[in-house]
Amino acid sequence: MSEWLTVAMPKGRIFEEAADLLRKAGYALPAEFDDSRKLIVDAPDAKMRFILAKPMDVPTYVEHGVADVGVAGKDTMLEEERDVYEVLDLKISECYLAVAGLPTYEKQSEIAPKVASKYPNVAIRYFKEQGEQVEVIKLNGSIELAPLVGLADRIVDIVSTGRTLKENGLVELEKIMDITSRLIVNPVSYRMKDEWIDDLVERLAKVIEGEDE
């Protein structure tokens, strides 16, 4: 197993798109890989073991060396600020971070207006850069609910199509930044398994460059 690479990935859209990239890069992933409910899945032909985790936990597994490499959204990287190397923009799961609220929202003069987000660190940094002091309330899901029930005036969240905002009667107020998923590496693993990791990065980069052309 020491010759294998352990890869941490989130389930869902990122997982599916990353698995597709790996296959295009020549890694043989088992057919049942996509439908597996297991949390640890081996791909012997690719010499890889996959840890399937929650998106926010992927950088933690990589930082602590449980996984050699991982696939994580830039939003998660900015929020978690883990001690890992970000080595490649995979250009998958494209979306963006934005500030949203009710159509009737107007900036008030009150001290520290409330903002709800599952990205409190990102939100605090962004509003600080805008010269605005806010109180950030951390939520783990259904962020759109906060303005509807009066918990917060605005939210900071990921926007993909904007459909969720629209269906809940919210509008985008400010775009913060574009987000894609990145390949991240544990610093110690990069020293111990540099040849394997460099080969992985090179093969993935060729696929990404080919799709951009």
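Q: What percentage of the 213 residues in the protein do buried residues make up?
A: Buried means under 20% relative accessible area, exposed means over 50%, and partly exposed lies in between, with a 1.4 Å probe and protein chains only. In this predicted model, buried residues make up 46% of the 213 residues. Residues are numbered from 1 along each chain as its sequence is written, and side-chain values use heavy atoms, with hydrogens and water left out. Because the model is predicted, local features need pLDDT of at least 70 and side-chain atom pairs count only at pLDDT 80 or more, while totals for chains, interfaces and linings use all residues.

Q: How many helices and strands does the secondary structure come to?
A: Helices (H or I, at least four residues) and strands (E, at least two) are DSSP runs, numbered from the N terminus. Here there are eight helices and eleven strands. The C-alpha trace spans about 60 × 35 × 30 Å along its principal axes.

Q: What is the strand order in the open sheet of five strands?
A: Two strands pair if DSSP finds at least two bridges between them. The order is 8-7-9-6-10, and the pairing is mixed. Strand 8 (135–138) and strand 10 (171–179) are at the edges; each has a single partner strand, so one side of each is left without a neighbour in the sheet. From one strand to the next, the twist averages 25°.

Q: In which sense do strand 7 and strand 8 pair?
A: Strand 7 (residues 114–117) pairs with strand 8 in the parallel sense, over four bridges. V115 has V136 in strand 8 as its bridge partner. Helix 4 (residues 120–129) packs on this sheet and touches strands including strand 7 and strand 8; its direction makes about 165° with that of strand 8. For such angles, axes are lines fitted to C-alpha atoms, for helices over the stretch in contact, and the angles run from 0 to 180 degrees between N-to-C directions.

Q: Which residues does P113 touch, not counting those up to four places away in sequence?
A: Contact means heavy atoms within 4.5 Å. P113 is in the loop between strand 6 and strand 7, and touches E132, Q133, V134, E135, D153 and R154. P113 counts as buried because its relative accessibility is 9%.

Q: Where does S93 lie?
A: S93 lies in the loop between strand 5 (85–89) and strand 6. Beyond its neighbours within four places in sequence, S93 contacts R13, I14, E17, I179, T180 and S181. With a relative accessible area of 7%, S93 is buried.

Q: How many salt bridges does the structure hold?
A: Side chains of opposite charge can pair when their charged atoms come close. A salt bridge is a side-chain nitrogen of Lys or Arg within 4 Å of a carboxyl oxygen of Asp or Glu. The structure holds 16. One of them joins K193 and D68 at 3.0 Å, N to O. This pair links distant parts of the chain, 125 residues apart, and both residues are buried.

Q: Which residues do salt bridges that share partners join into one network?
A: The network consists of K74, E86, D89 and R182. Within it, the closest N and O atoms of K74 and E86 are 3.0 Å apart. K74 counts as buried at 17% relative accessibility, whereas E86 is partly exposed at 34%.
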